[in-house]
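Subject: Structure handover

Hello,

Here is the structure I promised to pass on. Please open it alongside this note, as my findings follow below.

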Amino acid sequence: MRAQRAVAALNDGRVLGSRCSARFLTIRPTIPSSSPAPMIAAPVQIDGRRYFNLSRPRFAAVSGAASAALRKAAEDAANLTPEAVAAKMSPEEKLRLSRVRNIGIAAHIDSGKTTVTERVLFYTGRIKQIHEVRGKDGVGSKMDSMELEREKGITIQSAATFCDWKKVEDGEEKTYHINLIDTPGHIDFTIEVERALRVLDGAVMILCAVSGVQSQTITVDRQMKRYNIPRLSFVNKMDRMGANPWKAVEQINSKLKFPAAAIQVPIGLEDQHKGVVDLIHMRSIYTEGPRGIQVRVEDKVPEDVRELAEKKRQELIEKLADVDDEIAEIFLDERTPTPEQIKAAIRRATIALKFTPVMMGSALADKSIQPMLDAVCDYLPQPSDIENVALDKSKGEAQTKLVPYNSLPFVGLAFKLEENNYGQLTYIRVYQGTLRKGTYLFNSRTDKKVRIPRIVRMHSNELEDVSEIGAGEICAVFGVDCASGDTFTDGNLPYTMTSMFVPDAVMSLSIKPKKTTDADNFSKAMNRFQREDPTFRLFVDDESEETIISGMGELHLEIYIERLRREYKVECVTGQPRVAYRETIVQRADFDYLLRRQTGGPGDFARVGGWIEPNPENSEANAFENQVTGGSIPDKYISACGKGFEIACEKGPLLGHKVIGARMVVNDGATHVTDSSDFAFNLAAQMAFRKTFPEAGGQVLEPLMKTTIMAPNEFQGNILMLMNKRNATIVDTEIGSEDFTLIADVSLNAMFGFSTQLRAATQGKGEFSMEFSHYAPAAPHLQRELIAKYQAELEAKRK
């Protein structure tokens, strides 16, 4: 009977919440009083779902009907479709979601991202005063909170904040809640853009009115396409000499291959820039007063821009007709769409990733930032407009849609870690359900349960405590030990989410603290930097025993070395890592080596004869062969000879690097009744190999890297010159309509500092990647230099 009630309760039309009804069912079948049902002390698991509520004892004896009811309830919760949830969502919840925007600001270096963010915070009332990125007051912008950022005038870490924008619609003021992340522009800090875009619903791509689409704009565009991020485009710096917004619009269409059209026309350019014409309503918008606080709207268009405005409005409608069916129908019927129809079409096309509206203004001159904020509310998606999916581990990682509804079981993604004075801060995007202070979450990667002791909203480096966070929001939590990209659930759902894309490191440096007393702080800093930044890697080279750090470029590694000095007071010595050279032989050389040593007691005696030669079967492996006849060396010592050869190959005679491609054949020898031993024959084989190595034409091999370079066609000559300087062997060249790809084998030793030179030769538009190809003989002059350097190091050690 109780089981039937359970089914009825679970099917009564309510949406199952994160405190799922199934978790609190207590089903008591009739059992004799003499044998009480055992209590369950561990979490219950049903079809991959774990239930953590242990506030009261459960009974283990669950009848078949009740078990089926529980299973059906759990399945119902998992199989809820977004449409079913939307139908049952309360009007308050729908209104809350419709007013939330999660956006990022991304662009090329020095396009004005942080300056735009500063104006957004000022106009929304989050800050009371504007400070410039490289301002004379020395304060620096709000979002560049790190001392290094303010000093260098660049953004190093993505910074999160939130604000409320009061937008007037049809004479009524509506408040929109905006979660905003300001990202860096340098390619060295590309992981910051990568993980911000992974969790955002929309973005504002900023372009310079003078330069248009630049190299990092193309990278940011690629990242936005990877995560399916709808975007607005904002052409900044309209007050600069040489400003041409139409060049930027044309380049978005041609270079980024993304349909775009202006929804504004500037009123005056360069120092005459006063405002913009809104092409949808055909009205003029001026920002006036101190810091552009007052927005004045006129229902007429200035005569000097009327013709241009009408032409650009027609272009906008034509571009929309290409990407939206409703406007296409109106266009073909030769009717004029209403402003409401145009706005609805822009929103549909933007969210469907078919179109980007382009706005114009100047953040530094406080022009036209408020219309951009209105456009963020009008055209960028709310959390429920975006399809976010999780992987259901109980169904072979089948994709499952997540619904931003507060009452559903919790699903969130930790996308960034940061250390501050209070411990590790974990940034979480809540995709489904509600996150409450003091609740327990389940890490789907480690299968561990963690408690959430404190939840904060971030405002750059300031924290604002909150007790709960709803679906679709971004927050940060303290006291959670996890890695970047971990998925958290409330234990009800066997879900995991795909992590962000992490590019490979392109540059390495050797590093060590100047003072041995700083080793503890150095170790702490390295652990923290690796946790915070997935592109920063550290390992110890087995051969050189140096600590090697790898990252996305010289600036990336420079910043971390500087942070070590400032934050941990650790002075470091850096240098090029030792390249992993190899040694080999090129011809046959015979040996007959006698080891005879007397040291007071039993001595060492061993004689080995034979030859060494290049290994004909495998040029990268070593081989040992026994051709002894007549028992001149007993079998028990042959293995010792082989072991000695292996030890000799571990540390070659020329540079102390490994020997490859050598073959040793032993065919003769002699023993002594008392003085011969395994150790003696081991040592004799080592000495024979080292002594004969120069006669066999010993030489140094260097690693060749398969290097792939991509750059625009106009820089082909510059890149070929760079490659020729490095004695590269060009393997393949592929020329496209705009870009070309060059594949070459280059010595790793010649590639240090290449990333900086490539950027200089291609105006920052070139990219390259390297992977190990094979070993080849080094140039004779380089071999002589390396051998002389190694001998000098050995002499210095002996002294």
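Two strands count as paired if DSSP finds at least two bridges between them. Keep in mind that this is a predicted model.

**Strand pairing**

Strand 33 (residues 604-614) and strand 35 (residues 662-670) are joined by 8 bridges. They run antiparallel. Within that pairing, Gly-610 has Val-666 of strand 35 as its bridge partner.

Strand 35 also pairs with strand 34 (residues 623-626), through 4 bridges. Here the strands run parallel. Glu-625 is bridged to Val-665 in strand 35.

In a regular strand, side chains alternate between the two faces of the sheet.

**The whole protein**

The protein has 799 residues, and 53% of them count as buried. Its secondary structure comes to 20 helices and 39 strands. Of the contacts with a separation of 6 or more, 72% are between residues 24 or more positions apart.

**Nonpolar cores**

The largest nonpolar core holds 49 residues. Which of them touch the most other members? Met-224 and Ile-252 do. Helix 7 (residues 190-199) gives the most to this core, with 5 residues.

Leaving aside residues up to four places away in sequence, Met-224 touches Ala-106, Leu-197, Ala-203, Met-205, Ile-229 and Arg-231.

There is also a second, separate core, with 44 residues. Among them are Ala-107, Ile-178, Leu-320 and Ala-375.

**The second largest pocket**

Rolling a probe the size of a water molecule over the atoms shows where empty space is left. The second largest pocket contains about 810 Å³ of space. It is lined by 28 residues. Closest to its centre are Lys-167, Val-168, Arg-283, Asp-374 and Asp-378.

- helix 5 (113-123)
- strand 4 (159-169)
- strand 11 (283-288)
- strand 12 (294-298)
- helix 12 (339-351)
- helix 13 (369-379)

Helix 13 gives the most, with 6 residues. What is the make-up of the lining, in nonpolar, polar and charged residues? The lining has 15 nonpolar, 3 polar and 10 charged residues.

Best wishes

Methods: Residues numbered from 1 in each chain as written. Predicted model: local features only at pLDDT ≥ 70, side-chain atom pairs only at ≥ 80, totals over all residues. Heavy atoms only, no water. 1 Å grid on protein atoms, 1.4 Å probe; cavity = no way out; pocket = protein on both sides within 12 Å on 5 of 7 lines; lining within 4 Å. Points joined across faces, edges and corners; volume = space filled by probe spheres on them. Helix = DSSP H or I, 4+ residues; strand = E, 2+ residues; numbered from the N terminus. Nonpolar A, V, L, I, M, F, W, Y, C, P; charged D, E, K, R; others polar. Core = buried A, V, L, I, M, F, W, Y, C linked by side-chain atoms within 4.5 Å. Buried < 20%, exposed > 50% of the residue type's maximum accessible area, 1.4 Å probe, protein only. Contact = heavy atoms within 4.5 Å.
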